[in-house]
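Take a look at the model below. Keep the sequence at hand while you read.

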Amino acid sequence: MNRSNMTRVIIFLLMTSVAIFGGCGRKEVLPQIYEEVLEIPGITEEYELLFVADSHISLCDERDPDVKEKAAQRYEMFRSPLGKGADETFHNTMEYVRIEQPDLLILGGDIVDSAMWASIDFVTKELENTGVDWVYSMGNHDFEYGQEYYSQRAFEEYLPRLGKISKARDGYQIKDLGEFIIFLVDDESNKISEEAADALESMFNQDKPIILVTHVPIEPHLDQTLWQESINVWGADQDGNSRVLLGYHSCYPDENTARFLDLVFADGSPVQLVLAGHVHFYHRDGLDQRLIQVVTGAGFENEMVRVKVKPAVLK
């Protein structure tokens with residue numbers, strides 16, 4: 001695998017270093033950051049993107065009394081290695097973002113762990129305080145609510161609650177940064193919407209590079225280490241397939257998802273890089289000979305990815 005365009009620098013200061021953010025006197029632990037460099041032919045500027053997923057913030061107040069007990073249980077499930085709650089870890093991460101001032105903050109799903117008003121209000125305030133432009137795609141937990149999981153009620157009643165922080169419509173959204181595009185697809189129970197597949201296909205005629213953001217990682221064609229590790233961590237289904245990836249030996253794609261994946265892998269595809277989350281561990285490998293996928297570790301464990309996008313140097 002060609003790693004010449006990638007620098008993996010792990011800033012692993014969880015146990016050894018602290019930084020004081022914002023002059024407020026609070027000592028905060030720096031995030032563990034995985035560095036990725038993407039060189040794109042034809043662009044003229046450099047860009048910095050920060051990518052966070054799977055924070056699983058579970059805050060509940062009197063507005064959502066029916067899920068208070070579940071929220072308390074979930075809160076305890078998603079503490080950092082140092083025992084911090086997911087909300088405190090997210091606050092620390094956003095303080096880092098505020099200081100760093102990237103060109104774009106990308107939130108890759110499961111930032112909130114149910115569509116509870118307290119969680120949504122907290123995340124909204126934290127994002128607004130960064131002063132940074134952001135995009136937010138949906139994971140498999142963002143708009144669940146109690147026992148409502150991808151139900152009609154979840155889509156109709158709880159998904160709209162996230163309208164303050166996500167601009168997704170019909171299962172996808174597009175962020176045009178001028179020289180390239182961030183294309184985000186929402187997870188719809190391990191499926192991609194027809195509208196998202198149509199939108200990606202239309203991008204082939206625009207001659208703009210794409211960074212694809214998908215909550216559920218794509219099963220690689222080239223290297224099976226992600227597939228095997230996903231089974232080691234999350235187990236296999238009754239047929240021995242991965243339960244947490246999209247692909248033909250994983251969560252088997254329906255017609256629209258299969259068409260979407262074919263477009264990602266197609267010759268001449270504008271997709272230059274895939275960013276994903278969901279599995280709660282970092283992984284980087286080739287989806288095929290051309291395309292790299294970077295899976296970030298969990299936000300609640302204080303992990304994130306920085307992507308530096310640069311003009312390709314002609315040789």
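This report goes through salt bridges, surface charge, contacts and backbone angles.

## About the model

This is a predicted model: local features need pLDDT of at least 70, side-chain atom pairs count only at pLDDT 80 or more, and totals for chains, interfaces and linings use all residues. Residues are numbered from 1 along each chain as its sequence is written, and side-chain values use heavy atoms, with hydrogens and water left out.

## Salt bridges

A salt bridge is a side-chain nitrogen of Lys or Arg within 4 Å of a carboxyl oxygen of Asp or Glu. The whole structure holds 19 salt bridges. One of them joins the side chains of Arg161 and Asp64, at 2.9 Å from N to O. Arg161 sits in the loop between helix 4 and strand 7 (172–176), and Asp64 in the loop between strand 4 (47–52) and helix 1 (68–77), so this pair ties together parts that are 97 residues apart in sequence. Helices (H or I, at least four residues) and strands (E, at least two) are DSSP runs, numbered from the N terminus. Arg161 and Asp64 are both buried. Buried means under 20% relative accessible area, exposed means over 50%, and partly exposed is in between (1.4 Å probe, protein chains only). The areas come from the Shrake-Rupley method with a 1.4 Å probe, and for residues only the protein chains shown count as cover.

Asp113 and Arg74 form another salt bridge, and their closest N and O atoms are 2.6 Å apart. Asp113 is in the loop between strand 5 (104–107) and helix 3 (117–130), while Arg74 is in helix 1, so the pair links parts that are 39 residues apart in sequence. Asp113 and Arg74 are both buried.

## A salt-bridge network

Which residue does Arg306 meet in a salt bridge? The partner is Glu100, at 2.9 Å from N to O. Arg306 lies in strand 13 (residues 303–311) and Glu100 in helix 2 (residues 86–100), so the pair ties together parts that are 206 residues apart in sequence. Arg306 is buried, with a relative accessible area of 5%. Glu100 is partly exposed, at 28%. Salt bridges that share partners join Glu35, Glu48, Glu100 and Arg306 into one network.

## Negative charge on the surface

Asp170, Glu194, Glu195 and Glu255 gather in a patch of negative charge on the surface. Patches are made of residues with over 30% relative accessible area and no salt bridge; like charges are joined within 9 Å, and nonpolar side chains (Val, Leu, Ile, Met, Phe, Trp, Tyr) within 5 Å. Lys and Arg count as positive and Asp and Glu as negative, while His and the chain ends are not counted. The place of a charge is taken as NZ of Lys, CZ of Arg, CG of Asp or CD of Glu.

Look at one member of the patch. Glu255 is in helix 7 (residues 255–265). Glu255 is exposed, with a relative accessible area of 70%.

## Contacts across the sequence

Tyr150 is in the loop between strand 6 (134–136) and helix 4 (152–158). Tyr150 is buried, at 17% relative accessible area. Contact means heavy atoms within 4.5 Å. Beyond its neighbours within four places in sequence, Tyr150 is in contact with residues including Gly139, Phe155 and Ser189. Tyr150 and Ser189 are 39 residues apart in sequence, but 6.8 Å apart in space, C-alpha to C-alpha.

Now find Leu287, in the loop between strand 11 (283–286) and strand 12 (292–295). Is Leu287 buried or exposed? Leu287 is buried, with 0% relative accessibility. Setting aside neighbours within four places in sequence, its contacts include Ile218, His221, Phe265 and Val274. Leu287 and His221 are 66 residues apart in sequence and 5.4 Å apart in space, C-alpha to C-alpha.

## Positive phi angles

Most residues other than glycine have a negative phi. Ser114 is not a glycine, yet has a positive phi of about 160 degrees. Ser114 is in the loop between strand 5 and helix 3, and counts as buried at 6% relative accessibility.

Asn190 is not a glycine either, and has a positive phi of about 60 degrees. Asn190 is in the loop between strand 8 (181–185) and helix 5 (194–203). At 22% relative accessibility, Asn190 counts as partly exposed.
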